[in-house]
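I'd like to walk you through one structure today, so let me put it up on the screen.

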There are 2 protein chains.
Amino acid sequence: MTSAAKGSPSPRLTRNQAMVYDALVSASGAMTAYQLLDALRAEGLNAPPQIYRALQRLTDIGLVHRLESTHAFVACQHGDGTGHDTAAFAICDDCGDVVELSDARLARDLRSLADGSGFTPHRASIELHGTCERCRPAND
Amino acid sequence: MTSAAKGSPSPRLTRNQAMVYDALVSASGAMTAYQLLDALRAEGLNAPPQIYRALQRLTDIGLVHRLESTHAFVACQHGDGTGHDTAAFAICDDCGDVVELSDARLARDLRSLADGSGFTPHRASIELHGTCERCRPAND
DNA sequence: CGGGCGAACGTTATGATATAACAACAACGC
DNA sequence: GCGTTGTTGTTATATCATAACGTTCGCCCG
């Protein structure tokens, strides 16, 4: 699986950016910057700035999201389009799996909640920690 | 959820915990651990673990919230009661001011969104970045 | 062609955030 | 007293992230 551009506004990725993005997609989960660095040393990336610069660009264009609460990064699970600014993440504290959730109602509620305080939101970080379906104890 | 004792709002803080909490309340805003350390050196706190331990306890009992996206800590702005597990924060990127928002509808939306994915949430981190009322350009 | 220029690169060094580990001590029940 | 438990103070170190600098790349335009 390669770093093919997706939808509308995806400029071509540079080599480093493609390597980082591919690593995140292959991981099918979140990775920290230093995990990416370790994974990509074999391919010639040697120092943190190379990773962080690629991640900066990838998050800027919406291909990658940053998980603030775990200091990790995850490839966008949507078709790249909209909703990035209010994406929510369900992070399993047991297995580390991350699922990206998007919901118009949630976005609307957040916006109205902010408006009620005179606040103009620019971006949101919404991260749920808990237990995913597969890790939940079998009892109901 | 809401496990803080109702009868005793403050479970007797130790000296260090009280110093850290007082510093956060006086700041009327967010502070990083190292800002707290600098502020409290004069009172005898010398090393990061002393700060982090106090913060750990204060967040455990709900008197302090951690802002994941800014690596900072803020005193709870509620009357201490419930809603801590789904509190949202509006963080002004201009002046740094932080307002704690709480909304039952938001909490419900998040829960139902998670349930739809078979996810069982334990805690949420909801942080809005943007511009507060006072910092917003006057037109618009 | 080739000069200019902005973006990306590689590298070194350092800054910022957070925790491990351990010895000393206080508070408390018995 | 004496153990148990939790907090403290301290040193050292782990983890996360960026500053700064010169070099190279891609590409437009003269």
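Let's start with a question: which residue of chain B forms a salt bridge with A:Asp109? It's B:Arg105, and the closest N and O atoms of that pair are 3.6 Å apart. Before I go on, please keep in mind that this is a predicted model.

Who supplies the chain A side? β3 (88-92), α4 (104-115) and β5 (120-131) of chain A each bring at least two residues to the side that touches chain B. The largest share comes from β5(A), with 12 residues. If you sort that side of chain A by class, you get 14 nonpolar, 12 polar and 8 charged residues.

Now, how big is the whole thing? In residue terms, chain A puts 34 residues into the contact and chain B puts in 34.

Over all chains the structure holds 13 of them. One is within chain A, where A:Arg123 pairs with A:Glu68, with the closest N and O atoms 3.7 Å apart. That pair links distant parts of the chain: A:Arg123 sits in strand β5 of chain A, while A:Glu68 is in the loop between β1 (64-67) and β2 (72-75), 55 residues apart.

Last stop, a helix pair in chain B. Helix α1 (residues 15-27) packs against helix α3 (residues 48-60) at an angle of about 80°, and their axes are 9 Å apart. Angles of 65 to 115 degrees count as roughly perpendicular, so α1(B) and α3(B) are roughly perpendicular to each other. From α1(B), the residues in this contact include B:Val20, B:Tyr21 and B:Leu24, and among those they meet in α3(B) are B:Ile51, B:Leu55 and B:Arg57. By class, this helix contact has 7 nonpolar, 3 polar and 1 charged residue.

Okay, that's my tour. Over to you.

Definitions and conventions. Residues numbered from 1 in each chain as written. Chains lettered and ligands numbered in written order. Predicted model: local features only at pLDDT ≥ 70, side-chain atom pairs only at ≥ 80, totals over all residues. Heavy atoms only, no water. Axes fitted to C-alpha atoms, helices over the stretch in contact; angles between N-to-C directions. Helix = DSSP H or I, 4+ residues; strand = E, 2+ residues; numbered from the N terminus. Parallel < 35°, antiparallel > 145°, perpendicular 65-115°, else oblique. Contact = heavy atoms within 4.5 Å. Nonpolar A, V, L, I, M, F, W, Y, C, P; charged D, E, K, R; others polar. Salt bridge = Lys/Arg side-chain N within 4 Å of Asp/Glu carboxyl O.
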